[in-house]
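Here are a few notes to go with the model. Have it open while you read.

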Amino acid sequence: MAQDPHTAVTNEPDDGAVSLAPEQEAILQPPSEGTQGETQHPTGEGLEHIEGYRRPEHFAPEAWTAPTATLPDIGEASFGPPPLAPETVHGPDDRVQINNTSVYPWRVHCYLLITARDNALYQGTGWLLGPHTLATAGHVVYIKGSGVAGRDGWVKSIQVMPGRNGASLPYGSITCTSFRSVLGWTQNGDENFDYGAIVTPSNIGSTTGWFGFGVWSDSDLLKTTGNIAGYPGDKPGGTMWYAARGIDSVAPRKVYYDIDTAGGQSGSSVYRIDSNGRYGFAIHAYGGSRVNSGTRFTTPVFNNYVAWKA
């Protein structure tokens with residue numbers, strides 16, 4: 001019998017597969033604003049409150065059909081340079097730099113310095129969704145299809161730097177060696193299952209706070225403003241950038257948007273703001289010529305993250 005591609009796997013031998021609950025309707029895990037520092041309140045329009053920033057108009061779309069075939073590997077952090085399809089800025093570059101990264105919600109976003117099995121170094125992005133757990137892309141924690149001998153598989157370690165701002169590390173750096181993903185990614189390399197997690201050895205999230213996450217219907221997501229912050233590789237090293245737009249389209253396991261990103265932001269939260277709470281609904285993972293995309297929170301994804309944050 002074929003295994004469920006959402007079956008959880010880990011680089012830790014004693015932490016086996018997680019039993020999944022049956023499909024169910026919309027459910028939420030709550031965010032936390034942490035115990036230290038200030039909190040920045042969002043606008044009433046589902047955006048982060050940044051002086052002078054306005055949600056851009058939707059970029060005029062070209063004729064496009066969502067791909068049905070497996071996309072080529074992307075993400076230099078996992079597949080080796082050069083990326084075949086860079087995570088992309090569409091139209092005018094709407095990204096703005098975040099300088100107050102020690103303020104919630106920005107301190108939830110983490111710069112990732114990744115050491116692969118062959119000691120090659122890469123960068124990525126993750127976000128806290130619990131006291132000691134970050135969500136990120138599967139290809140951040142498990143390299144698949146690099147074509148380089150000794151590189152594929154669980155990465156050796158990841159330095160997690162919450163709220164990094166260039167040379168400033170307001171919450172220091174944490175060495176992490178405990179990772180999670182699912183068989184759909186580690187065995188099949190299927191972009192629909194490209195999600196994973198980093199478990200930190202300390203409860204850094206109790207200090208920084210974390211985002212909630214949830215499962216929403218197609219119609220709800222299509223009228224949602226998507227927000228993304230992370231560490232794009234085309235900007236000064238280790239600086240955080242933010243952009244927001246509407247959602248372009250959804251698929252059963254993917255969300256598509258023309259929110260501007262770049263390589264290095266794989267693993268970023270695609271989040272919405274509800275009643276001043278931030279909730280991730282996808283994990284940014286891929287770029288495209290017209291839209292970028294992330295792995296959608298479906299019920300199995302949600303259940304795995306609930307287990308991984310325990």
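**Notes on rings, core and a buried arginine**

1. Start with Phe211: at 0% relative accessibility, phenylalanine 211 counts as buried (under 20% relative accessible area, 1.4 Å probe, protein chains only). Keep in mind that this is a predicted model, where local features need pLDDT of at least 70, side-chain atom pairs count only at pLDDT 80 or more, and totals for chains, interfaces and linings use all residues. Numbering runs from 1 along each chain as its sequence is written, and side-chain values use heavy atoms, without hydrogens and water.

2. The whole structure has 16 aromatic pairs (Phe, Tyr or six-membered Trp ring centres within 6.5 Å). In one, the rings of Tyr104 and Phe211 have centres 6.2 Å apart and planes at 80 degrees, so they are edge-to-face (over 60 degrees). Tyr104 sits in the loop between S3 (96-98) and S4 (109-115) and Phe211 in the loop between H4 (204-208) and S13 (212-214), so the pair ties together parts 107 residues apart in sequence (helices, H or I, at least four residues, and strands, E, at least two, are DSSP runs numbered from the N terminus). Tyr104 is buried too, at 2% relative accessibility.

3. Now for Arg272, in strand S17 (residues 269-274). At 8% relative accessibility, Arg272 counts as buried. Its side chain makes a polar contact with that of Asp274 at 3.1 Å (N or O atoms within 3.5 Å, one able to donate a hydrogen and the other to accept it; residues adjacent in sequence count only if both atoms are side-chain atoms).

Key. Buried < 20%, exposed > 50% of the residue type's maximum accessible area, 1.4 Å probe, protein only. Phe/Tyr/Trp six-rings, centres within 6.5 Å; stacked < 30°, edge-to-face > 60°.
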